[in-house]
Amino acid sequence: MSESGESLPVLEYLRRQLAGELRPGDTTHMRYPTAISQLLGFHIVEVGEGTASVRVEVDPARHGNQQGTVHGGFLVELADAAIGTAHSTLMRHGESFTSIDLRATFLRPVWSDTLVAVARPSHSGRTITHYACDILRSDGKPAATVTSVVMTLRGEQAAGR
């Protein structure tokens with residue numbers, strides 16, 4: 001909770017977290033870090049209004065497929081985490097969201113590397129927002145691009161989510 005005893009907006013909470021300025025009792029209505037991000041080693045490295053960048057260290061011994069490269073599903077999960085973080089920065093109390101479409105295009109293989117997924121809205125409406133997310137290798141080249149459509153839920157639709 002903030003000094004006023006209320007939970008913080010998601011964007012403010014994440015900005016404080018990144019700056020190392022979270023205070024005891026600071027909370028937000030969304031869960032950070034998320035359980036899946038902790039499990040997979042994802043780290044938010046940048047946030048803005050409707051934008052986010054998420055980083056992860058990958059190695060085929062841990063994240064690999066049959067060919068010895070990082071599994072495409074792992075890349076999609078990384079992009080989904082960045083897109084979800086980006087959209088969560090727009091959520092007010094009593095709002096939640098869900099992905100309704102997700103599409104990936106794989107461009108280059110990845111082996112041991114540091115990846116950063118950079119998510120940004122390409123079109124924002126009142127309820128539906130379209131996102132684009134580039135997953136960049138450490139050499140700056142994109143490994144994949146992911147697009148997603150996210151629906152904001154309000155009222156009864158958001159209850160329990």
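R137 touches R108, P109, V110, D113, T114, L115 and A143, not counting residues up to four places away in sequence (contact means heavy atoms within 4.5 Å). The model is predicted, so local features need pLDDT of at least 70 and side-chain atom pairs count only at pLDDT 80 or more, while totals for chains, interfaces and linings use all residues. Residues are numbered from 1 along each chain as its sequence is written, and side-chain values use heavy atoms, with hydrogens and water left out. Six strands form an open sheet, and helix α4 (residues 72–88) lies across β1, β2 (51–58), β3, β4, β5 and β6 (142–154).

**Sheet**

- The strand order is β1-β2-β4-β5-β6-β3, with antiparallel pairing; two strands pair if DSSP finds at least two bridges between them.
- Helices (H or I, at least four residues) and strands (E, at least two) are DSSP runs, numbered from the N terminus.
- β1 (43–48) and β3 (95–106) stand at the edges with a single partner strand each, so one side of each has no neighbour in the sheet.
- From one strand to the next, the twist averages 20 degrees.
- Helix α4 runs at about 150 degrees to β2; axes are lines fitted to C-alpha atoms, for helices over the stretch in contact, and angles run from 0 to 180 degrees between N-to-C directions.

- Strand β4 (residues 113–124) and strand β5 (residues 128–136) run antiparallel and are joined by eight bridges.
- A hairpin through three residues connects β4 to β5.
- Bridge partners in β5 include T129 for S124 and Y131 for P121.
- Nine bridges join β5 to β6, and these strands run antiparallel.
- M151 in β6 is the bridge partner of I128.
- β5 and β6 form a hairpin with five residues between them, and G140 in the turn has a positive phi of about 85 degrees.

- T129 is found in strand β5 and is buried, with a relative accessible area of 3% (buried means under 20% relative accessible area, exposed over 50%, partly exposed in between, with a 1.4 Å probe and protein chains only).
- Apart from its neighbours within four places in sequence, T129 is in contact with H87, P121, H123, S124, S148, V149 and V150.
- R137 lies in the loop between β5 and β6 and counts as buried at 14% relative accessibility.
- R137 and T51 are 86 residues apart along the chain, and their C-alpha atoms are separated by 19 Å.
- P60 is found in helix α3 (residues 60–63) and counts as partly exposed at 22% relative accessibility.
- Leaving aside neighbours within four places in sequence, P60 is in contact with G68, W111 and S112.

**Helix α1**

- V10, L11, Y13, L14 and R16 are the buried residues of α1, and they pack against β1 and α4.
- G20 follows α1 and has a positive phi, near 70 degrees.

**Pockets**

- Rolling a probe the size of a water molecule over the atoms shows where empty space is left.
- On a 1 Å grid over the protein atoms alone, a pocket is an open set of points with protein on both sides within 12 Å along at least five of seven lines, whereas a cavity is a set where a 1.4 Å probe fits but cannot get out; lining residues have an atom within 4 Å of a point.
- The largest pocket holds about 890 Å³ of space; grid points are joined across faces, edges and corners, and a volume is the space filled by probe spheres set on the points.
- Its lining has 33 residues, with M30, R31, Y32, T34 and F97 nearest the centre of the largest pocket.
- α1 (10–19), α2 (35–40), β1, α4 and β3 each supply at least two residues of that lining, and α4 gives the most, with six residues.
- The lining of the largest pocket has 13 nonpolar, 15 polar and five charged residues (Ala, Val, Leu, Ile, Met, Phe, Trp, Tyr, Cys and Pro count as nonpolar, Asp, Glu, Lys and Arg as charged, and the others, Gly among them, as polar).
- About 230 Å³ of space lies in the second largest pocket, and of its 15 lining residues T89, L90, M91, R92 and E95 are the closest to its centre.
- In the second largest pocket the lining has four nonpolar, seven polar and four charged residues.
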